[in-house]
Amino acid sequence: MSAESGPAPSGQATFVNTFTLRTTPEEFEEAFVRTARFLQGQPGFLGYSLVRHLEESRSYVNIARWADVASFRAAVTRAEFRPHAEALRAISTSSSALYTERRSATVGER
């Protein structure tokens, strides 16, 4: 889990990471949960959603919300994060990027 550095926009950041597994979904989810527990303890972490493709069981997307880009970058550059990233890299390939919300809606809103 990493993302390119550059100017950090202010406000919340959304980290999107797609995974293609080289292992079983069960093994991946166990490794992911360990990583998520680490990140949940980091300042600025707001939450995540891990979703699995309905037809391709080896394809996942993680959507994580952070208070700001600086908090995300601080968490993923900590030495304690490295073993988590290495464990996920050992069992999957991934592609990731940081996003900033531009628009949103919930049910009942226009």
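Colleague: Which residues does alanine 13 touch, not counting residues up to four places away in sequence?

Modeller: This is a predicted model, and in it alanine 13 touches Ala64, Arg65, Trp66, Ala67, Asp68, Val69, Leu98 and Tyr99. Alanine 13 itself is found in strand β1, residues 13–21.

Colleague: Why is alanine 13 called buried?

Modeller: Its relative accessibility is 2%. Buried means under 20%, so alanine 13 counts as buried.

Colleague: How far apart are alanine 13 and leucine 46 in space?

Modeller: Their C-alpha atoms are 9.8 Å apart, while in sequence the two residues are 33 apart.

Colleague: Which residues meet where α1 and α3 are in contact?

Modeller: From α1 come Glu27, Phe28, Ala31, Phe32, Arg34, Thr35 and Phe38, and from α3 come His84, Leu88 and Ile91. The residues of this contact divide into six nonpolar, two polar and two charged.

Colleague: Alanine 85 is also in helix α3. What makes alanine 85 count as buried or exposed?

Modeller: Its relative accessibility is 5%. That is under 20%, so alanine 85 counts as buried.

Colleague: Now for the loops. Where is glycine 41, and why is glycine 41 called exposed?

Modeller: Glycine 41 sits in the loop between α1 and β2 (45–52). Its relative accessibility is 59%, and exposed means over 50%, so the word exposed applies to glycine 41. Glycine 41 and alanine 75 are 34 residues apart in sequence and 9.4 Å apart from C-alpha to C-alpha.

Colleague: What makes leucine 54 exposed?

Modeller: Leucine 54 lies in the loop between β2 and β3 (59–66). With 86% relative accessibility against a cut-off of over 50%, leucine 54 counts as exposed. Between leucine 54 and arginine 89, 35 residues apart along the chain, the C-alpha separation is 22 Å.

Colleague: How many salt bridges does a search of the whole structure find?

Modeller: The search finds one. In this salt bridge, the side chains of glutamate 80 and arginine 78 meet.

Colleague: Why is the meeting of glutamate 80 and arginine 78 called a salt bridge?

Modeller: The distance from N to O is 3.1 Å. The cut-off is within 4 Å, so the pair counts as a salt bridge. Side chains of opposite charge can pair when their charged atoms come close.

Colleague: And why are glutamate 80 and arginine 78 both called partly exposed?

Modeller: Glutamate 80 has a relative accessible area of 42%, and arginine 78 has 35% relative accessibility. Buried means under 20% and exposed over 50%, with partly exposed in between, so glutamate 80 and arginine 78 count as partly exposed.

Key
Residues numbered from 1 in each chain as written. Predicted model: local features only at pLDDT ≥ 70, side-chain atom pairs only at ≥ 80, totals over all residues. Heavy atoms only, no water. Buried < 20%, exposed > 50% of the residue type's maximum accessible area, 1.4 Å probe, protein only. Contact = heavy atoms within 4.5 Å. Helix = DSSP H or I, 4+ residues; strand = E, 2+ residues; numbered from the N terminus. Nonpolar A, V, L, I, M, F, W, Y, C, P; charged D, E, K, R; others polar.
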